Amino acid sequence: MNRIKKLYCRTFQTGLKIALPFLPYRKPKISKSVKAIPDIIKKHKCSRTLIITDKAILKLGLTKRLERCLDAEDISYVIYDKTVPNPTTVNVADALELYQENGCDAIIGFGGGSCIDCAKAVGARIAKPRQSLAKMKGILKIHRKLPLLIAIPTTAGTGSETTLAAVITDDLTRHKYAINDFPLIPRYAILDPKVTLSMPPFITATTGMDALTHAIEAFIGNSTTYGTRKDALLAVKLIFENLRDVYHDGSNIDNRKNMLHASYYAGCAFTKSYVGYVHAIAHSLGGEYNVSHGLANSIILPYVLEAYGPQIYKKLHKLAVAAGIAAKETPQEMAALTFIQEIKKMNEEFGIGTTIPEIQEEDIPKLSHYADKEANPLYPVPVLMDAAELEKFYYMLMED
Ligand SMILES: NC(=O)c1ccc[n+]([C@@H]2O[C@H](COP(=O)([O-])OP(=O)(O)OC[C@H]3O[C@@H](n4cnc5c(N)ncnc54)[C@H](O)[C@@H]3O)[C@@H](O)[C@H]2O)c1
Ligand SMILES: [Fe+2]
């Protein structure tokens, strides 16, 4: 990246860092069970709720417990179940139509990050009916309050239940972009491990690696705070202590609960301290080829960490200590390299490869342009790279 662009990026990031204590961050109110929802809806005097979920979740019967609770209290609801992984502008438009047709006044995102993000984006369109989603791309474009928004994560990965982001894919261009603004932070998050028990091992692994990526990218960035560093370290500790076990035995509710908490803490860390190039590249691939988000992140993560080099050794050493794979006395470089090595080992154990075969060489300039646009100047990454420099990662991901 040339010096002028570097200066621009770092000035932009410093400005946001200085503004951080004055920005209206908040956390969702946490409940441990879907049983809390009827009271929340009654408290907010809402009359009809739109539940946004997906077909697989509905088929597994995961929403049944919630439906029973709502029925028992005579609370009216409608269900939108067509959300797809990497949710699209069409999902948002269809769910919005259902909301309006049925006179709804509250939204529940019930599912992985895709359903929660779709719910957030529907809320954003209700708050700003005359503004398209594309015009909300970037930061601080919403300003207005959303209807009551409750998030029930069924994966332990995205942390979307606590973040200010919604990531949506344009159905026509396949451009996947993030919308970031404070009103998108859900009012309530239900961290109920029971709804994550049905996750198959591979989804458990890839979504767990997404949470790990959030914690790492937030921690190695330049805009951390005492609180986000603490959250990131705790998330890394919990993930290293639980992910392997839960991959091999998904029925252990304690491991599931710990992973859900890890995902939440990692979300708390990155919503204030941002992600980095791993996510920017993953989003470009999720949009273009529908590669699942967690899978893309887990594959890209070691490549990007290695490319950052010695600049991040000190921070990776701290993460390695939190992960329990290095001691405080371990030399920095050794601990950092052990940490990257351990990520590769986990990927191997989980059957996650090292390449993304969908990538077509002719798409690389466009994809790296998208990644550059998303990350620069917003993400306070340890080493800045422009579109031309980011291209190398796509080539690495193509190689076998
Ligand atoms: N808003 C944010 O802060 C944020 C952060 C990270 C990622 N994201 C976005 O979230 C999306 C990815 O979300 P995700 O990784 O949670 O996956 P997902 O929501 O796309 O779900 C992946 C698959 O897992 C299935 N699934 C979900 N929960 C299940 C369960 N309990 N049992 C069985 N199957 C289950 C779904 O049906 C789906 O087929 C991406 O679009 C990504 O960009 C958003
Ligand atoms: Fe993510």
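This is a predicted model: local features need pLDDT of at least 70, side-chain atom pairs count only at pLDDT 80 or more; totals for chains, interfaces and linings use all residues.
Let us begin at the metal. The iron ion (ligand 2) is held by four protein donors: D210 through OD, and H214, H279 and H293 each through NE2. These donors lie 2.1 to 2.2 Å from the iron ion (ligand 2). If you follow the chain, the donor residues are spaced D-x3-H-x64-H-x13-H. Two of them, H279 and H293, are 14 residues apart and link distant parts of the chain. H279 belongs to helix 10 (residues 277-289), while H293 belongs to helix 11 (residues 293-308).

What is the geometry around the iron ion (ligand 2)? The four donor atoms subtend angles of 85 to 170°, so the arrangement is irregular. To count as tetrahedral, four donors would need all angles between 85 and 135 degrees. As a point of reference, the ideal angle for four tetrahedral donors is 109.5 degrees.

Are H279 and H293 buried or exposed? H279 has a relative accessibility of 3%, so it counts as buried. H293 is at 19%, and because buried means under 20%, H293 counts as buried as well.

Helix 11 and helix 15 (residues 387-398) have axes that come within 11 Å and cross at roughly 130°. The two helices are therefore oblique to each other, and helix 11 passes helix 15 in a right-handed crossing. On the helix 11 side, the residues that meet helix 15 are I299, I300, Y303, V304 and A307. Their partners in helix 15 are K392, F393, M396 and L397.

Another helix pair can be read in the same way. Two packed helices are described by the angle between their axes and the distance between the axes. For helix 8 (residues 226-248) and helix 12 (residues 313-323), the angle is about 45° and the axes are 8 Å apart. That angle makes helix 8 oblique to helix 12. Here, too, the crossing is right-handed as helix 8 passes helix 12. Helix 8 brings L233, V236, K237 and F240 to the contact, and helix 12 brings K318, L319, A322 and A323.

Our last stop is N255, which sits in helix 9 (residues 253-273). With a relative accessible area of 11%, N255 is buried. Which residues does N255 touch, leaving aside those up to four places away in sequence? They are N242, D245 and V246.

Methods: Residues are numbered from 1 along each chain as its sequence is written. Chains are lettered from A and ligands numbered from 1 in the order in which they are written. Side-chain values use heavy atoms; hydrogens and water are left out. Donors are N, O and S atoms within 2.8 Å of the metal (3.2 Å for Na, K and Ca); water is not among the atoms, so sites may look incomplete. Four donors count as tetrahedral if all angles lie between 85 and 135 degrees; four count as square planar and six as octahedral if opposite donors are over 155 degrees apart and all others between 65 and 115; anything else is irregular. Helices (H or I, at least four residues) and strands (E, at least two) are DSSP runs, numbered from the N terminus. Buried means under 20% relative accessible area, exposed over 50%, partly exposed in between (1.4 Å probe, protein chains only). Axes are lines fitted to C-alpha atoms, for helices over the stretch in contact, and angles run from 0 to 180 degrees between N-to-C directions. Angles under 35 degrees count as roughly parallel, over 145 as roughly antiparallel, 65 to 115 as roughly perpendicular and the rest as oblique. A crossing is left-handed if the near helix is turned anticlockwise from the far one by less than a right angle, and right-handed if clockwise. Contact means heavy atoms within 4.5 Å.
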